[in-house]
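Let's take a friendly walk through a protein model together. Have the sequence and the 3D view ready, and look up each residue as we come to it.

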Amino acid sequence: MSESVYAKKACAYVRVSTDRQEELSPDAQKRLITDYCRKNNIEIKDENIFIENGISGKKAEKRPLFQQMIALAKSGEHPFDIILVWKFSRFARNQEESIVYKTMLRRAGVEVVSISEPSIDGPFGSLIERIIEWMDEYYSIRLSGEVMRGMTEKALRGGYQSAMPMGYRMNRSTGIPEIYEPEAEIIRLIFDTFINSGKSFLEIARMLNDIGCRTRRGYPFERRSVMYILQNPFYCGIVRWNRQSRETHAPKDPSECITAPGVHSPIISRENFEYVQKIIASRARPRKSRGTSGIKHWLSGIVKCSDCGRSLVANAAWKGRPASFQCGGYNKGLCPHSHFIKADALENAVYQAFERIIPSERFVFEHILQEKSPDASEYLKKLSAQTYEKERRIRQAYLDGIDTSDEYRSNKAALAKERAEIEKLAKERGDSVIDGTNIKIPAEVHGIYEIISDDSLGKLIRSNAIRSIVDRCVYDKENDSIEIYFRLER
């Protein structure tokens, strides 16, 4: 059947919530919508059926396929005229968001239609639609309250309703967590070390990583993971719930936190747990207020560790100690090598790098070309640019704990090989892919150097100045060297 036969083109949005109300399955909703299209002479393509399973309708930004559908509806291609849903509650359960998105869609010439709820033309039709949406939102609020009350009652009875912490596994037949000894040994080691050695959270994290211990997800330990374990009352037999916001993960007021004795076996005695809390409280000190500038030093965030790629963190002068920088990964126990350097030494290294470059007027740097062109030469340039994006992604995977250091090095080596192959192919064609040999230094480098080397200027001015022309500085403590990667126009 040709496209011209159809009166309208449609897409379908199918969603099943995370709550337990009775509702149709995704397949059933899809079947009803396609039947509706068939009976009403409406065209719908498979690629225009968006299905989200187990997704709440309270917040639109947390529904990726919904956002994809809205973007497609607003595009200049105008691939469909209507969005079909089984019920308006599938589109949104927040009336304010529903009005915003429907208004946005109407401006793009797209309407939202419920196939199972009344649709009346004229002014009363819009009123009825608003009433239906209000009832859906009220139902959602009431259901949320009922779920919260039920979970609170369960928590107060010592029930379990969240993922098991490290050291435990849930016994599905009894519904009671059981101690998982391989992980429980690590938990005992953390508590014993903290009590008997006086080590900090960070020092314990490094110790665990050095002996090959990993978190339940296989990641290296960090300062915060050790701190969380030491402050989790589950290990002494207490169930804790509603400690933080489900959406932002920010800690709630202690009065909102629910604790109750559990029926599971403790790994740590109540006495030892309480003693650890006293030690933590005695070591705590109030946070220093941050300056309005948001940065501690004009080089903050731009100097990177040569080992792990993380930023070097600035530490302000304190009690006679000079201002300094240290690898953020090393501070968290994730980077094996210290990159400590005094702030004035780092500044001098940056100045010297500029001073070596400026008199020569020519130097080598990385220049990524991204102009679009259909010919082979431009395609090679595009491939070259993509290798730098790949490098950024594999570094981020390592920083996020997804890849190990061995995997990171292996990926970097493979990427270097790929880049070399592209360069070789480009040379054979006589093209320039990574342009950078003997580039004339533009006049702004001189001006930037004058700004950053002027101590009388504020850190924000100097920070913005160096960022306008420098992508990053990589500090290698072992070789006592610093590499500066400039961003220069051809």
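This is a predicted model: local features need pLDDT of at least 70, side-chain atom pairs count only at pLDDT 80 or more; totals for chains, interfaces and linings use all residues.

## A strand with two partners

Let's begin with β1, which spans residues 8–16. Is this strand mostly covered or mostly open? It is mostly covered, since seven of its nine residues are buried. A residue counts as buried when its relative accessible area is under 20%.

Strand β1 pairs with β2 (residues 42–53) through eight bridges, and the two run parallel. To find this pairing in the 3D view, look for Lys9, which stands opposite Glu43 in β2. Strand β1 also pairs with β3 (residues 82–85), again in the parallel sense, over three bridges. Here you can look for Ala12, whose bridge partner in β3 is Leu84.

Strands of a sheet pair through backbone hydrogen bonds, either parallel or antiparallel. For the antiparallel kind, turn to the open sheet that three strands form in the order β10-β11-β12. Which strands sit at the edges? They are β10 (312–315) and β12 (341–342), each of which pairs on one side only.

Four bridges link β10 to β11 (residues 324–327) in the antiparallel sense.

## Two nonpolar cores

Now look inside the protein. The largest nonpolar core is made of 32 residues, and Leu299, Phe354, Ile452 and Val470 have the most contacts inside it. Several elements supply at least two residues each, among them β9 (303–305), α14 (444–452), α15 (459–467) and β15 (470–476). The strands β10 and β11 are also on that list. Which element gives the most? It is α11, with seven residues. A second, separate core has 28 residues, including Met166, Ile186, Tyr235 and Ile238.

Apart from its neighbours within four places in sequence, Ile452 is in contact with Trp298, Val350, Tyr351, Phe354, Arg462, Ala465 and Ile466.

## A helix with a buried side

Next comes helix α9, residues 270–283. This helix has 14 residues and reaches 20 Å from its first C-alpha to its last, close to the 20 Å expected at 1.5 Å a residue.

Which residues of α9 are buried? They are Phe273, Val276, Ile279 and Ile280. These residues lie on the same side of α9 because they cover an arc of only 120° around the axis. What covers them includes α6 (181–197), α7 (201–210) and α8 (223–230).

Asn171 belongs to strand β5 (residues 168–171). Is Asn171 buried or exposed? Its relative accessible area is 16%, so Asn171 is buried, as the limit for buried is under 20%. The side chain of Asn171 makes a polar contact with the side chain of Glu178, at 2.5 Å. Leaving aside neighbours within four places in sequence, Asn171 is in contact with Ile176, Pro177 and Glu178.

Asn348 is found in helix α11. With 39% relative accessibility, Asn348 counts as partly exposed. Asn348 and Ser453 are 105 residues apart along the chain, while 9.1 Å separates their C-alpha atoms.

## Two loop residues with positive phi

Let's finish with a backbone angle. The phi of His78 is near 45°, a positive value in a residue other than glycine. You will find His78 in the loop between α2 (64–74) and β3. This residue is partly exposed, with a relative accessible area of 29%.

Asp480 has a positive phi too, near 50°, and this residue is also one other than glycine. Where is Asp480? It is in the loop between β15 and β16. At 62% relative accessibility, Asp480 counts as exposed, because exposed means over 50%.

Conventions. Residues are numbered from 1 along each chain as its sequence is written. Side-chain values use heavy atoms; hydrogens and water are left out. Two strands pair if DSSP finds at least two bridges between them. A nonpolar core is a set of buried Ala, Val, Leu, Ile, Met, Phe, Trp, Tyr and Cys residues joined through side-chain atoms within 4.5 Å. Buried means under 20% relative accessible area, exposed over 50%, partly exposed in between (1.4 Å probe, protein chains only). Contact means heavy atoms within 4.5 Å. The expected span of a helix is 1.5 Å times one less than its number of residues. The arc is that of the directions from the helix axis to the C-beta atoms. A polar contact is a pair of N or O atoms within 3.5 Å; within protein, one must be able to donate a hydrogen and the other to accept it, and residues adjacent in sequence count only if both atoms are side-chain atoms.
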